[in-house]
Structure formats: C-alpha cells, structure tokens
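Have the structure open while you read.

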Amino acid sequence: MEIKSTLIQKYFKGLTDQQIAQFDQLYELYSFWNSQINVISRKDIDELYERHILHSLGIAKFCTFKAGERVLDVGTGGGFPGIPLAILFPETHFHLVDSIGKKIKVVTEVASALGLKNVKASHLRAEQITDKYDFVVSRAVTRLIDFYPWVKGKFNKDSKNAIPNGILYLKGGDLKEEISESRLKAELYPLSDYFEEEFFETKFVVYIPQ
C-alpha cells in the first residue's frame, strides 16, 4: 500500500517538488520508526496524513511563520506539529523538545532522513530551556493551566509576524472550562474553517498572545 501526501496538497497549493517529496516520505519513515518506538497509536498510522500531518499544519492556516523566526515545539512526541511545519516553512528555525529520549531519537532520525536543516531536537523538559522564541507550538500536551508556566518568559519581545508572538496550541473538544481555569486571554480558531474532513469538526488552534 502506497500512501502519498495528496491530502496535504489539497489544502496547501504551491508546494515545491522537494516539499512534496518530503511529505510523501513521512508515511514510510513513521511506519518504520513507529514499529521500533511507539510514538503514535498503531491504528492511527494509516490516518497519518489526516490526524497527524494535516492536523499539525492547521497552525499554518492561522499563522504563516516568517524567515528567521524561532519556533519552540514543546512535548513534540515523534515530531508533531514541528516536523510538518518545518517542511512547510524551511526558512524558519524549529526547536523540538520532549522529556522522553526515545521520542527525540525518532525526531532526529526523521529530520535527518528528510534533510531538514531547520530542525533542532533536544531531550529536555520545557522548563530547562533558556532561549527565547517568537512562537511556542504544541499539540494537546496538557491542560493550559499547567502548560503556560512551562513557557512563560520564553518569548522574544519584538514581533516580526502579522500576529504578536505567543502560543499556538492544537486542542480538541469543549475548551471553555479549560480556558476559564487558565485565566489566559485565549482565542479559538476552529480547524473546521480550513479543513472539511470530519476529524477536524471539534479541533481548534488556541492562540494565546504574549
């Protein structure tokens, strides 16, 4: 069975041949590494392009990262959302971190196989990072009330983007209580505005400006 990135090309026009080839490679790479080190659900591997890659790229429908910007992916797991975003934005610097070393091994191997020069992977907890970034991205690692203290103070003061620097968090379900509990000024952007697949009906980009 050959699975290619036609779903990605449906929503992202104007990809270069190199980007298409890189997206195409992801299925084979993640199938291989997931059989060694379980980074995504086994039953999800055939849904890789919809549930992991396109989901990650939902952030790109809301925010176009600029050349030279620095993006931190906290709790990246096997590389989501960082790897798909790094393919889409080759001039942006991505730092992918996770507290589980074997997951970072997968990220390192996938980034190397794809030839991604804009990805750095570190086996770290977010609290250990001292660098500053324009944006922090993440995919439902924990509740916002717990997540925010990990990344507070890690942002560059000056924004280069159309939107101010901040957190871009992928999360699903009813988020009213979670946002209220966090006391953060969060804005919700439904992914169903961008993608027609049923999977995205309850999925959001949560934007928290700094």
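This is a predicted model: local features need pLDDT of at least 70, side-chain atom pairs count only at pLDDT 80 or more; totals for chains, interfaces and linings use all residues.

1. Start with helix H2, residues 17-36, and its packing on helix H3, residues 48-62. The two meet at an angle of about 125°, and their axes are 11 Å apart. Angles over 145 degrees would count as roughly antiparallel and 65 to 115 as roughly perpendicular, so H2 and H3 are described as oblique to each other. The crossing of H2 past H3 is right-handed.

2. Who touches whom there? On the H2 side you'll find Phe23, Asp24, Gln25, Leu26, Tyr27 and Tyr30, and on the H3 side Leu48, Tyr49, Ile53 and Leu57. Sorted by class, this H2 and H3 contact comes to eight nonpolar residues, one polar and one charged.

3. H2 also packs against helix H5, residues 101-114, here at an angle of about 145° with the axes 10 Å apart. H2 passes H5 in a right-handed crossing too. From H2 the contact takes Gln22, Gln25, Leu26, Leu29, Tyr30 and Trp33, while H5 brings Lys105, Val106, Glu109, Val110, Ala113 and Leu114.

4. If you click through H2, stop at Gln25, Leu26 and Tyr30. These residues belong to the contact with H3, and they turn up again in the contact with H5.

5. Now the pockets. The largest pocket holds about 210 Å³ of space. Its lining has 15 residues, with Gly75, Phe80, Arg139, Ala140 and Val141 nearest the centre. Strand S5, residues 166-172, gives the most to that lining, namely three residues. By class the lining of the largest pocket is six nonpolar, six polar and three charged.

6. The second largest pocket has about 150 Å³ of space. Val74, Gly75, Val97, Asp98, Ser99, Leu124, Arg125, Ala126, Glu127, Val141 and Trp150 line the second largest pocket. That makes six nonpolar, two polar and three charged residues. Gly75 and Val141 are in this lining, and both are also among the residues nearest the centre of the largest pocket.

7. Two backbone details deserve a look. The peptide bond from Phe80 to Pro81 is cis, with omega near 10°. Pro81 sits in the loop between strand S1 (70-74) and helix H4 (82-88), and Phe80 is one of the residues nearest the centre of the largest pocket.

8. The other detail is Ala140, which has a positive phi of about 50° although it is not a glycine. Ala140 lies in the loop between strand S4 (135-139) and helix H6 (144-151). Like Phe80, Ala140 is listed among the residues nearest the centre of the largest pocket.

Definitions and conventions: Residues are numbered from 1 along each chain as its sequence is written. Side-chain values use heavy atoms; hydrogens and water are left out. Axes are lines fitted to C-alpha atoms, for helices over the stretch in contact, and angles run from 0 to 180 degrees between N-to-C directions. Helices (H or I, at least four residues) and strands (E, at least two) are DSSP runs, numbered from the N terminus. Angles under 35 degrees count as roughly parallel, over 145 as roughly antiparallel, 65 to 115 as roughly perpendicular and the rest as oblique. A crossing is left-handed if the near helix is turned anticlockwise from the far one by less than a right angle, and right-handed if clockwise. Contact means heavy atoms within 4.5 Å. Ala, Val, Leu, Ile, Met, Phe, Trp, Tyr, Cys and Pro count as nonpolar, Asp, Glu, Lys and Arg as charged, and the others, Gly among them, as polar. On a 1 Å grid over the protein atoms alone, a cavity is a set of points where a 1.4 Å probe fits but cannot get out, and a pocket is an open set with protein on both sides within 12 Å along at least five of seven lines; lining residues have an atom within 4 Å of a point. Grid points are joined across faces, edges and corners, and a volume is the space filled by probe spheres set on the points.
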